[in-house]
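Please keep the sequence and the three-dimensional view at hand while going through the points.

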Amino acid sequence: MINNIQNENYYIINNNQNIFNINTNNIIYNNSNNNNIQNNNIYNNINAQSWIKIDRNKPSLGLGNIGSTCYMNATLQSLAHIPELAEDLINIYYSNKKNNNIKKNKLTTEFMKLMINIYFPKRNKDFFAPYDIKNIIGVKEVLFRGNEAEDAKDLYLFLIETMNYELNGEKNQIYNDIVKLGIDLRDQYKIKQTFLNEFWNKNNNSPIAKYLYGFSVTISKCLKCGTKKYNYECFNFINFPLLDIKNFLKNKNNNYNEDYVLNLEDCFLFNQKKEIYNGINKMMCNYCNGFEDGQIQRIIDISPPVLVLVLDRGIDNLLFK
């Protein structure tokens, strides 16, 4: 994916590790031999000939409600119906079982068992009640201990971050950003590769990271000297506001049209828009050694194979004021 940065002579690194000049679309540097996803150790103990496949033409079981837990069922079903993720985790479970390495009291183990129950039920059932995973979720996080309705986004984050941590054992998820100053294009590439290599070295046992984690870069630019600062970080969902049409079109310098229908492209453009910092909000520039007018833009640099979008009803008009 080549990210959309308008009206600026800028260079983009895409998923194939080609560096493009956005104005000419010419590849000026190639590093296709360096694969971002390194050392998939999760497959070491699985015989490829005995790999369990999900029949995607066969319906899976639904989940029964346990009180007001539709938020939980919807989140579990959304994750369980990523076929590649489900297959990876089911096969890890059976590999661990074969090697007597089933880890009890682990959220990931219960999630694996849940997927086995809905995709490969032992007997004819109309639905499966997820009591076991509900209990372990409650043990690990008090917010979800009762049977009241909670926020599905909060549960999603809790599930994937906890399972990613459990799958990687002693290794912990990277949350620290790598922030560097520089103008030279190859310096930017080295900064990015340092971050990616460090991330995958600590997350190479996790299909959660493999399918659900992407990478963004926040570019801070001094409008006086042109120096850019690159801040790389991982993300596992994008928060999209439910935009107010009138304010959105006004922000785009378009006349209000009551027939205009907002779409995902509008949300992506809004999410990656440039913001100018001036007046009392000037940015500190280390090269100019002082506070100067600046510009900040957050870009989705590498999209995850499965991109999770959250439509947020709570942040619409405020973003335009």
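Which residues do ring pairs link into a cluster? The points below take up this question after a brief overview.

1. Overview. The model under review is predicted. Its protein chain has 9 helices and 14 strands. Of the 321 residues in the chain, 45% are buried. The accessible surface comes to about 17,800 Å², and carbon and sulfur atoms account for 46% of that area. Among contacts in the chain with a separation of 6 or more, 67% are between residues 24 or more positions apart.

2. The aromatic cluster. The residues in question are F195, F199, W200, Y213, F215 and Y232, which ring pairs link into a cluster. A search of the whole structure finds 10 aromatic pairs. A pair of aromatic rings is described by the distance of the centres and the angle of the planes. Two pairs are examined in the next points.

3. The pair F199 and Y213. These two rings form a tilted aromatic pair, with 6.0 Å between centres and 40 degrees between planes. F199 belongs to helix 6 (residues 185–203), whereas Y213 lies in the loop between helix 7 (207–212) and strand 7 (214–222); the pair therefore ties together parts that are 14 residues apart in sequence. F199 counts as buried because its relative accessibility is 0%. Y213 is also buried, with a relative accessible area of 3%.

4. The pair W200 and F215. Here the arrangement is edge-to-face: the centres are 6.1 Å apart and the planes stand at 70 degrees. Because W200 lies in helix 6 and F215 in strand 7, this pair ties together parts that are 15 residues apart in sequence. W200 is buried, at a relative accessible area of 4%. The value for F215 is 4%, and this residue is buried as well.

5. Charges over rings. The charged end of K273 sits over the ring of F270, 5.1 Å from the ring centre. R298 lies over the face of F235, at 5.8 Å from the centre of that ring.

6. The nonpolar cores. In soluble globular proteins, nonpolar side chains tend to be buried together. In this model, the largest nonpolar core has 57 residues, and F111, I137, L159 and L212 touch the most other members. Leaving aside neighbours within four places in sequence, I137 is in contact with M72, L107, F144, L155, F158 and L159. A second, separate core has 9 residues, including F240, L243, F270 and I300.

7. Helix 4 and its cover. Which residues of helix 4 are buried? In this helix (residues 131–140), they are I133, K134, I136, I137 and G138. Helix 1 (70–80), helix 3 (107–119) and helix 5 (152–167) are among the elements that cover them.

8. A loop residue. K125 is found in the loop between helix 3 and strand 5 (127–128). Is K125 buried or partly exposed? Its relative accessibility is 37%, so K125 counts as partly exposed. K125 and G62 are 63 residues apart in sequence, while their C-alpha atoms are 9.3 Å apart in space.

Methods. Residues numbered from 1 in each chain as written. Predicted model: local features only at pLDDT ≥ 70, side-chain atom pairs only at ≥ 80, totals over all residues. Heavy atoms only, no water. Phe/Tyr/Trp six-rings, centres within 6.5 Å; stacked < 30°, edge-to-face > 60°. Helix = DSSP H or I, 4+ residues; strand = E, 2+ residues; numbered from the N terminus. Buried < 20%, exposed > 50% of the residue type's maximum accessible area, 1.4 Å probe, protein only. Lys NZ or Arg CZ within 6 Å of the ring centre and 35° of its normal. Core = buried A, V, L, I, M, F, W, Y, C linked by side-chain atoms within 4.5 Å. Contact = heavy atoms within 4.5 Å. Areas by Shrake-Rupley, 256 points an atom, 1.4 Å probe, with all protein chains shown as cover.
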